[in-house]
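User: I would like to go through some of the labels used for this protein and see what each one rests on.

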Amino acid sequence: MIANTTQFDLRSKLPNIKESIFSVMSQHARANNAINLSQGFPNFPCSDQLIALVNKYMQEGYNQYAPAYGVMELRETLAQKVNKQYGIEVKPESEITVTAGATQAIFTAILGLIREGDEVIVFDPAYDSYVPSIKMAGGMPIHVSLKGPDYKIPWDEVKKKISFKTKMIILNTPHNPCGTCIDEDDIEQLKIITSGNNILILSDEVYEHAIFDDNKHYSLLGSDLAERNISVFSFGKVLHTTGWKIGYCVAPNYLMKEIRKVHQFNVFSVNTPMQYAINEFYKNEGNYSSVSNFYEQKRDFFLNLMKESRFSFVPSAGTYFQLMNYSDISKQSDVDFALKLVQEHGVASIPVSVFYNDKTDEKVLRFCFAKTDETLEKAAEKLCKI
Ligand SMILES: Cc1ncc(COP(=O)(O)O)c(C=O)c1O
């Protein structure tokens with residue numbers, strides 16, 4: 001298409017956003033016929049039973065718009081799940097909304113709750129949708145860096161960055177890309193920081209069922225902070241169906257009311273047959289509670305092979321990502337090293353500096369281990385030769 005762009009005074013709303021590193025690395029992986037451990041998606045199938053359920057509901061005619069906030073049966077099942085896991089009563093009518101993946105829940109919550117000039121604390125390295133969502137809402141991201149190898153939240157620094165403009169803190173546990181989880185002390189610190197003010201918490205818990213070594217998932221829903229919190233979940237991560245883009249968020253009614261006003265107009269509702277299918281699938285608790293074990297085995301399988309390599313690592317405590325430090329191998333920047341890895345050694349990864357606002361480069365790459373054992377074995381073989 002030919003367009004005379006000078007006649008349109010288009011000032012980009014997001015001038016600094018470029019093509020995402022995930023697309024870029026996946027393109028490199030394809031071009032180099034490399035093993036793709038960059039983007040976070042499983043390369044194995046989801047459950048046959050789940051597919052059969054989607055088919056069943058499609059054939060039974062569940063193909064029209066779902067209710068705007070989600071199929072009620074599914075919301076009821078989720079309310080029971082949340083109650084059992086985190087000990088909190090949530091009302092399916094007014095406190096749970098089914099969304100087009102966690103990404104839409106995050107965007108919608110931020111758009112509904114953040115105003116021009118509000119400050120939002122973001123921990124770097126951060127999942128890439130937070131900052132653009134804040135900016136599109138007119139808010140100001142305030143970055144706090146987590147440093148390896150433990151990536152603990154530096155609460156003293158957080159306290160220094162809180163101002164009268166702070167409206168929200170975004171948490172992510174288990175954390176992508178670090179593979180860390182918050183604990184009781186972190187919840188205590190958050191309580192201290194938010195006591196006596198009106199700061200909200202957006203808690204991205206999409207990896208709640210990928211948590212290892214018998215650790216507990218500290219959901220904000222299970223804490224006294226639930227009254228000021230929005231928790232976000234993703235069925236894609238739990239059911240190995242990232243392409244379905246279905247998730248949900250849970251928040252008290254006074255917050256959910258505002259989130260739903262935006263949800264109505266940026267998606268209205270989420271596809272119907274999958275909601276019925278997931279509802280039926282979730283009736284069997286084992287269908288989601290077994291996922292942590294499954295990914296723990298994948299992590300152990302991959303790390304056992306990687307022991308032979310020159311990379312150093314702290315085993316991931318959650319998510320399906322593993323960070324690997326390559327300082328013993330190269331002094332190159334992480335972006336250059338990741339490019340070399342995909343082009344010369346045939347393994348695609350994500351350089352962690354891209355998740356930092358200030359591009360902190362600690363010589364660390366992120367590898368996704370949501371892959372078949374065969375894929376992990378081939379990747380480890382290549383990585384061990386470096
Ligand atoms: C931390 C985090 N939050 C949110 C999402 C998005 O989830 P969904 O695919 O359900 O939109 C992802 C996906 O990679 C993620 O890693």
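This is a predicted model: local features need pLDDT of at least 70, side-chain atom pairs count only at pLDDT 80 or more; totals for chains, interfaces and linings use all residues.

User: How do you know what span is expected of helix H3?

Analyst: The expected span is 1.5 Å times one less than the number of residues. H3 covers residues 72–86, which is 15 residues, and the expected value is 21 Å. From first C-alpha to last, H3 reaches 21 Å, so the helix is close to expectation.

User: Which residues of H3 are called buried, and what covers them?

Analyst: Buried means under 20% relative accessible area. In H3 the buried residues include Leu-74, Leu-78, Val-82 and Tyr-86, and also Arg-75 and Lys-81. Their cover includes strands E2 and E8 along with helices H8, H9, H10 and H11.

User: What makes E9 and E12 a pair?

Analyst: Pairing needs at least two bridges. E9 and E12 (residues 364–368) have five, in the antiparallel sense, so they count as paired. Within this pairing, Leu-323 stands opposite Arg-366 of E12.

User: Why are E9 and E11 said to stand at the edges?

Analyst: The open sheet has three strands in the order E9-E12-E11. E9 (321–325) and E11 (350–351) each have a single partner strand, so one side of each has no neighbour in the sheet. Helix H13 (residues 334–344) lies across E11 and E12, at about 45° to E12.

User: Which residues are closest to the centre of the largest pocket?

Analyst: The largest pocket holds about 860 Å³ of space. Of its 25 lining residues, Asn-16, Ile-17, Lys-18, Val-354 and Lys-359 are the closest to the centre. Helices H1 and H5 are the elements that give two or more residues to the lining.

Methods
Residues are numbered from 1 along each chain as its sequence is written. Side-chain values use heavy atoms; hydrogens and water are left out. Helices (H or I, at least four residues) and strands (E, at least two) are DSSP runs, numbered from the N terminus. Buried means under 20% relative accessible area, exposed over 50%, partly exposed in between (1.4 Å probe, protein chains only). Contact means heavy atoms within 4.5 Å. Axes are lines fitted to C-alpha atoms, for helices over the stretch in contact, and angles run from 0 to 180 degrees between N-to-C directions. On a 1 Å grid over the protein atoms alone, a cavity is a set of points where a 1.4 Å probe fits but cannot get out, and a pocket is an open set with protein on both sides within 12 Å along at least five of seven lines; lining residues have an atom within 4 Å of a point. Grid points are joined across faces, edges and corners, and a volume is the space filled by probe spheres set on the points.
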